[in-house]
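Here is a briefing on one structure. Look at the sequence and fold first, then read the points below.

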Amino acid sequence: MTQPVTAQRDAFPHTKRPLPWFLAAFLAMLFFIPIDATELKVNIGVDSHPDRLAVIVLVLAWVWFGGDQRAFVRTPRSKLFVSAACVFLAIAVASLLLDAPRIINLNDFQLAEKRFALLGSFLVLAWFALTALRFEDLRGFASYLIGLAVLMSIGMLVERHTGYNVFYELGRTILSPIATVAKSPTDLHPPVNVEEGRTIVVGPTQHGLAATTMLVMVMPFALVRVIDATSRKSWWLNMAALALMAGAAVATGRKTALLVPLALVIYMTFYRPRQIMRIAPLGLVIFIVSVHLASPGALGTLLNVGNDASSSSTGHRVGDFTDLKPDVLAHPVLGRGYGTIVPDEPRTFRINDDQYLDEVWETGFIGLFAFIWMILAPTVIAHPAIRKRGSPAASLALAAAGGCIAFFVVCALFDSMSFTEAPYMFFLVAALTTIAAAGPEGNVQPTRALARQLASGRPRAAAAT
Amino acid sequence: MELAYALRTLAQRPRALAVGVLIAAVAAILSVYSLNGGKLKARSLQHSSASTQVIVDSQKSVLGNATQPFEPLAQRAWVYANFMTSPSFLDVVGKQVGLTGAQLYAAGPVNVNEPRSEQEPTDLKRNVQITGETKPYRLSYEAQEKLPTITINSQAPTTAQAVALANAAAGGLQSYVATSESEEGITPGSRVVIRQLGPASGAVVDGGISKSLAAMVFVLVFVLWCILVLLAGRFRRAWRESAVALSDQTDNPREGNLPEHSEAAEPNHGERPERVGARQVGAYERDGADASRGEPSYLPQRALLDTRAVRGGDRPAPVPARSVR
């Protein structure tokens, strides 16, 4: 086949195809602009956050630049994740429409519409990634993701040490003609009764948990490269990136920063036990030292088990189960309706520190199973590809599936869908997993190019892109 | 092109689309109307809200008296606002608007200064809230920590009902407190006076919700129907082609197994398949590209969707017949 020769030349970032670049720009926005704290000065008909506008731009670009030319439907890539996402969407819609009179009576319908718009944005991003990227783009894209995460980590470490949130401050300056950026919630010396006296480090998000989630979902890409490193330079570079990400995640003072990487290591060990065991001793030392240097004291705070067990956060988590029981019993099958939980009304709605509980609450047990399946479907797709040791797809599939596992764990630790950045990252990583699992054979030749080429009578394979 | 192809495929099935429109219209109508004895009855989706305020005052009003502090009255206002959610009070309010107390749902004020975890409902409180979620007549009260006022918000199917409900709550508090004071024999100078700060005013909250709900249901059902039509078409095609492939296999057992993708199963025997229907035979065209390689084959017109289009030159290529022409 002549395809690989052509493919090497046309792979992100060495490509003139516009769609991967649009996706890259979207990710840059996600990693550097505090989207939830930014309000555009123009009315775009939906929420004025920049990501909504960016999603509209993605859709227009998809149409204009022929996104449907590489239509996902006719690729040999697995449809498992897409169908799982569609099933979840259908259940979410059903949960809302089948109980619409009650939801309208409670004035929650408009809120649900907004939440659906947001869910639509997540799905658009996944669809865009699935149709914009070819397998050959993934390596470059993984490097790009690691690069973004490293820059974000540096910014967060600066924030942790100085209190200066570069994302908010620079964002406010650069975006001032078109948008307003709220004040950063960063607080290095919070009162004891606020946020349990924890230092507040948020990076480009509004909550440390969202920033941590973004970093831990990129970590497996760096970790796999450490495992697969063929040169000392590559090993050290990726280990440094991993250490920076870990340091920045721990800097938020969130337990998620320790638990999710631990889950990732366990997941990776399942597939690559020998490699993980080989790097474990040195990796652990580097991890502890770098985290301590990057965020002094943070590790000790997180590992204070006695404090954790008696904290109000832990107490609240325990209360989630009993206090949610009436709602679950009232609407066990389809929940009280997707998007109808209003966090601004504390006398009616509690904030659950668990996305799975939120899913039971909003979409019932059917919705919960669909949600879990949507998260795990990419890992199921990736499994055979990861098992094919030595194939170019194996490492990429393992890294991307690791990102999905990170999100799976994250969902058990806090209400991840409430922070826009976390689901954006998941839907992107899920799409990357699907592409990686299919390998180069998952690519599809753009239909227009194929038709042109066939009409000219040239052999088909020569023009395969 | 894929999108255009799907739209074109749908356009070629006008009858299926018409059925889809019909089903979507029925679903949309049923989302805003209910069948009641063979007749359509509009669901009460639209509702209105109204609001008014009362001040908890003394016989000599504190509003114009700089020497009297608000705080003691503010504490009473807080107590009254909570009391106004009680069943006995709701009975009083209900009677004034021609309802029973059980038809009303009321929520008391929230102390915004409390930590969120204190404000969040316990399971017992949530049980009570859930039972009231479907009640169309609703009251909620707001009281501030240092102000002797209670804001009464009401919700009802019509604006007139919402206004009446809010006024009834204010009047109900006035009469309840006055009756209580008379029964207790409180001297006039020591009595608390409830003054309503103007009549309630209200408006429709979600005008057009029925239309938007119906539109949403129509679009969703119609889109689902279109997807079903497309999937059914693909399945029918795959079914027919698998039948052809099976019969070919039976005729030539040494040719091997079924093709990997039945959707674009290629007879590829150098001649047209004989066991397919006339409609399908019409869809087969000469493959120019393969003919150039000396591999004559006949491919389905819809082979454009074949996933093997990407796999390079190791297999005979499916060709979109219209593109070749």
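Two strands count as paired if DSSP finds at least two bridges between them. The model is predicted. With that in mind, a hairpin in chain B links strand 5 to strand 6 through 5 residues.

**Chain B overall**
- Chain B holds 11 helices and 10 strands.
- It has 325 residues, and 29% of them count as buried.
- Take the contacts in chain B between residues at least 6 apart in sequence: 68% of these join residues at least 24 apart.

**Strand 6 of chain B and its partners**
- Strand 6 of chain B spans residues 149–156.
- This strand is mostly covered, with 6 of its 8 residues buried.
- Strand 5 (residues 137–143) of chain B pairs with strand 6 of chain B over 6 bridges, in the antiparallel sense.
- In that strand 6, B:I150 stands opposite B:A143.
- Strand 3 (residues 48–58) of chain B also runs antiparallel to strand 6 of chain B, and 8 bridges join them.
- B:S154 in strand 6 of chain B is the bridge partner of B:A50.
- In a regular strand, side chains alternate between the two faces of the sheet.

**Helix 20 of chain A**
- Which residues of helix 20 (residues 447–456) of chain A are buried? They are A:T447, A:L450, A:Q453 and A:L454.
- These residues lie on the same side of helix 20 of chain A, because they cover an arc of only 130° around the axis.
- An α-helix has 3.6 residues a turn, so residues three or four places apart point the same way.

Key:
Residues numbered from 1 in each chain as written. Chains lettered and ligands numbered in written order. Predicted model: local features only at pLDDT ≥ 70, side-chain atom pairs only at ≥ 80, totals over all residues. Buried ≥ 20, exposed ≤ 12 C-beta atoms within 10 Å, placed from the backbone. Helix = DSSP H or I, 4+ residues; strand = E, 2+ residues; numbered from the N terminus. Contact = placed C-beta atoms within 7 Å. Arc of directions from axis to C-beta.
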